[in-house]
Amino acid sequence: PANYGGRLSSVIDVSMKEGNMKKFHAEGGIGLISSRLTLEGPIKKDKGSFMISGRRTYIDVLTKPFITGKLAGSGYYFYDVNLKANYKLGEKDRVYLSGYFGLDKFNFNSPNGDFHANIPWGNKTATLRWNHQFNDKIFVNTSLIYNDYNFAANFSQNNFGIKIASGVTDYNAKSDFDYYSSFNHHFKAGVAYTYHTVIPNQVSGQADTVVLKPNNALTKYAHEVGIYLMDEFDPAKWLRINAGIRYSWFAQIGPYTRYEYAGGGDQKTDSFSYSSGAIAKAYGGWEPRLNMRFALNDASSIKASVARTYQYVHLVSNNGSTLPTDVWVPST
């Protein structure tokens, strides 16, 4: 639907459960390779609640007795933590604070002891949301969102070491209005802004006492804006229509240096520098969306949709490696 943008295809919509406003509660599970625990309860009874949930695998702990000698220290584990709190400010206002933190880490030491690998990668996200209800039919959600993805691969052999790093940091603000009309139309409208900071690839190293820190991070910055209007309604009992329009705009900004090359080769012939905040390249366009569901009976339906979408940040995968060396790059 039109309220989603920035990607070409699907959406995974994950909703976190609310904490228990009445009493404290705990639940968990113990598995063969990982365990989990959830705690929830009231911040103030019937006014606010919290929920915190975490899990960790202990593959590294279970295999530790069997990995000895120079292989000691090799292993893999991950953990993730979810947390959410909400509080009623009044009859028509409510605030939510939620977050997710996750990390995977792989370590390897070669049998002969001269090669070591340390590969951590993970995500962090936090959201502050304010929900305001104007009346029974109109409400608005305003959110401030922080996203951070980081990947690193550290390799060392004898006196030589190299590190490859990549990451994406996003700061996002958005506001979504919902209106449930008396004539059975659900209108939705909103605007969203994202500030991207992308480090596609950063390489550094060390040989004996010589530290190599080349200026190759090539950090890229960009603005992304989206605005949309959507209507969902049932013109008949057997037909539901979701129609919408979205406009998105993306601009890569400086500091950035663009190079021109001779004949498509590696020889640089000219360069163009953009100061901090200056627009180096901008893209944008309209994104019409139409989704229809035809109900055949109570158990079966046929769905059809057509959409035009724009994606400005792209995943580049290395098919020649089994390591999670996926990096993200913006349109430039």
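# Close-up views of a predicted model

**View 1. A loop residue with a positive phi, Asp-46.** Asp-46 has its place in the loop between strand 2 (34-44) and strand 3 (48-57). The model you are looking at is a predicted one. Although Asp-46 is not a glycine, its phi is positive, at about 65 degrees. With a relative accessible area of 36%, Asp-46 comes out as partly exposed.

**View 2. The whole protein, for orientation.** Here's the overall picture before we zoom in again. The protein is built with 18 strands and 1 helix. Its C-alpha atoms fill a box of roughly 75 × 60 × 45 Å, taken along the principal axes. Of the 332 residues in the protein, 29% are buried. Take the contacts between residues at least 6 apart in sequence: 55% of these join residues at least 24 apart. The exposed surface comes to about 20,200 Å², and carbon and sulfur atoms supply 58% of it.

**View 3. Another positive phi, at Asn-184.** Look in the loop between strand 8 and strand 9 for this one. Asn-184 is not a glycine, yet it has a positive phi of about 65 degrees. How much relative accessible area does Asn-184 have, and is it buried or exposed? The value is 64%, so Asn-184 is exposed.

**View 4. The largest nonpolar core.** Five residues make up this core: Ala-222, Phe-250, Tyr-310, Tyr-312 and Val-313. Stay with Tyr-312 for a moment. Leaving aside neighbours within four places in sequence, Tyr-312 is in contact with residues including Gly-6, Glu-224, Trp-249 and Phe-250. Tyr-283, Val-329 and Pro-330 are also among the contacts of Tyr-312.

**View 5. The hairpin of strand 15 and strand 16.** These two strands form a hairpin, with 5 residues between them. Strand 15 (residues 279-295) and strand 16 run antiparallel and are joined by 7 bridges. One place to look is Ala-295, whose bridge partner in strand 16 is Ser-301. How many of the 7 residues in strand 16 (residues 301-307) are buried? The count is 0, and strand 16 is hardly covered.

**View 6. A stacked pair of rings, Phe-139 and Tyr-180.** Searching the whole structure turns up 13 aromatic pairs. In one of them, Phe-139 and Tyr-180 are stacked, 6.2 Å centre to centre with 25 degrees between the planes. Phe-139 belongs to strand 7 (residues 138-157) and Tyr-180 to strand 8 (residues 160-180), so the pair ties together parts that are 41 residues apart in sequence. Phe-139 counts as partly exposed at 22% relative accessibility. Tyr-180 also counts as partly exposed, at 39% relative accessibility.

View 7. Phe-108, Phe-115 and Phe-155 come together as one aromatic cluster. Elsewhere, look for Tyr-96: the charged end of Arg-129 sits over its ring, 3.9 Å from the centre. In the case of Tyr-259, the charged end over the ring belongs to Lys-268, again with 3.9 Å to the ring centre.

View 8. Asp-170 is in strand 8, while Thr-197 lies in strand 9 (residues 185-207). Is Asp-170 buried or exposed? Its relative accessible area is 15%, so Asp-170 is buried. Not counting residues up to four places away in sequence, Asp-170 touches Ile-145, Tyr-146, Asn-147, Thr-194, Tyr-195, His-196 and Thr-197. Asp-170 and His-196 are 26 residues apart along the chain, with their C-alpha atoms separated by 4.8 Å. Turning to Thr-197, its contacts beyond four places in sequence include Gly-167, Val-168, Thr-219 and Tyr-221. Between the C-alpha atoms of Thr-197 and Asp-148 the separation is 9.5 Å, and the two are 49 residues apart along the chain.

View 9. Which residues does the cis peptide bond join? It runs from Gly-254 to Pro-255, with omega near 10 degrees. Pro-255 is in the loop between strand 12 (239-253) and strand 13 (256-261). Leaving aside neighbours within four places in sequence, Ser-276 is in contact with both Gly-254 and Pro-255. Ser-276 itself is found in the loop between strand 14 (268-274) and strand 15. With a relative accessible area of 64%, Ser-276 is exposed. From Ser-276 to Ile-253 the C-alpha to C-alpha distance is 7.0 Å, and they are 23 residues apart in sequence.

Terms used: Residues numbered from 1 in each chain as written. Predicted model: local features only at pLDDT ≥ 70, side-chain atom pairs only at ≥ 80, totals over all residues. Heavy atoms only, no water. Core = buried A, V, L, I, M, F, W, Y, C linked by side-chain atoms within 4.5 Å. Buried < 20%, exposed > 50% of the residue type's maximum accessible area, 1.4 Å probe, protein only. Contact = heavy atoms within 4.5 Å. Helix = DSSP H or I, 4+ residues; strand = E, 2+ residues; numbered from the N terminus. Pairing = 2+ DSSP bridges. Phe/Tyr/Trp six-rings, centres within 6.5 Å; stacked < 30°, edge-to-face > 60°. Lys NZ or Arg CZ within 6 Å of the ring centre and 35° of its normal. Areas by Shrake-Rupley, 256 points an atom, 1.4 Å probe, with all protein chains shown as cover.
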